[in-house]
Amino acid sequence: MLVRFDSKVGAFSMFEKDARTMIKLMGHSDTIPGAILGADVEKTLQTFQTSLNEVAKQETQDRPTKSDDEEAEESVSVNRRAYPMLELLKKAAKHTETVMWDFDEKLV
């Protein structure tokens, strides 16, 4: 199932499992639907960036040495998956806009 993140400054969808991870990294429970009020977006952005830095450090420490054959099967890092969320939060913080999320109705 897809979860849609929406704001007046932009929108995107991602798979539910990844969306729940992003929501937790923002400091919220993984409840869907949910929202961040415009006045709270700046603080949420700071929390999200701090969490991403911590996860990146952990991923670097946990990454085993891989051969060339294994490089092709490398998983996508949390930071790459977080890029659309990070950009949406930055734009929403700049304009003090609310960010909401819910299951993508088009696919339900």
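View 1. D30 is partly exposed, with a relative accessible area of 25%. (Partly exposed lies between buried, under 20% relative accessible area, and exposed, over 50%, using a 1.4 Å probe and protein chains only.) This is a predicted model: local features need pLDDT of at least 70, side-chain atom pairs count only at pLDDT 80 or more, and totals for chains, interfaces and linings use all residues. Residues are numbered from 1 along each chain as its sequence is written, and side-chain values use heavy atoms, leaving out hydrogens and water. D30 and R20 form a salt bridge, with their closest N and O atoms 3.7 Å apart. (A salt bridge puts a side-chain nitrogen of Lys or Arg within 4 Å of a carboxyl oxygen of Asp or Glu.) This pair links distant parts of the chain: R20 sits in helix α1, while D30 sits in the loop between α1 and β3 (34–36), ten residues apart. R20 is partly exposed too, at 24% relative accessible area. The side chain of D30 also meets that of K24 in a salt bridge, 3.8 Å from N to O. K24 counts as exposed, at 51% relative accessibility.

**View 2. E87 pairs with K90 along helix α4.** The structure holds five salt bridges. In the one between E87 and K90, the closest N and O atoms are 3.7 Å apart. E87 is partly exposed, with 25% relative accessible area. K90 is partly exposed as well, at 36%. Both residues lie in α4, three places apart, or about one turn of the helix. Now look back at the first view. Salt bridges with shared partners join E16, R20, K24 and D30 into one network.

**View 3. Helix α1 has a buried face.** α1 spans 16–25. (Helices are DSSP runs of H or I with at least four residues; strands are E runs of at least two; both are numbered from the N terminus.) Its buried residues are D18, A19, M22, I23 and L25. Seen down the axis of α1, they fall within an arc of 160°, so they line one face of the helix. (The arc is that of the directions from the helix axis to the C-beta atoms.) K17 and K24 are exposed on the other side of α1. The buried residues pack against β1, β2, α2, α4 and β4. Just after α1, G27 takes a positive phi of about 95°.

**View 4. Helices α1 and α4 meet.** From α1, D18, M22 and L25 take part. From α4, their partners are V78, R81, A82 and M85. (Contact means heavy atoms within 4.5 Å.)

**View 5. The largest nonpolar core has 25 residues.** (Such a core joins buried Ala, Val, Leu, Ile, Met, Phe, Trp, Tyr and Cys through side-chain atoms within 4.5 Å.) F5, M26, F48, M85, L89 and W101 have the most contacts inside this core. Six elements each supply at least two of its residues: strands β1 (2–7), β2 (10–15) and β4 (99–103), and helices α1 (16–25), α2 (41–62) and α4 (78–95). Which helix gives the largest share? That is α4, with eight residues.

**View 6. M85 and its contacts come into view.** Leave aside the neighbours of M85 within four places in sequence. M85 is then in contact with F5, F12, M22, M26, F48 and V99. M22 belongs to the buried residues of α1. F5, M26 and F48 are, like M85, among the residues with the most contacts inside the core.
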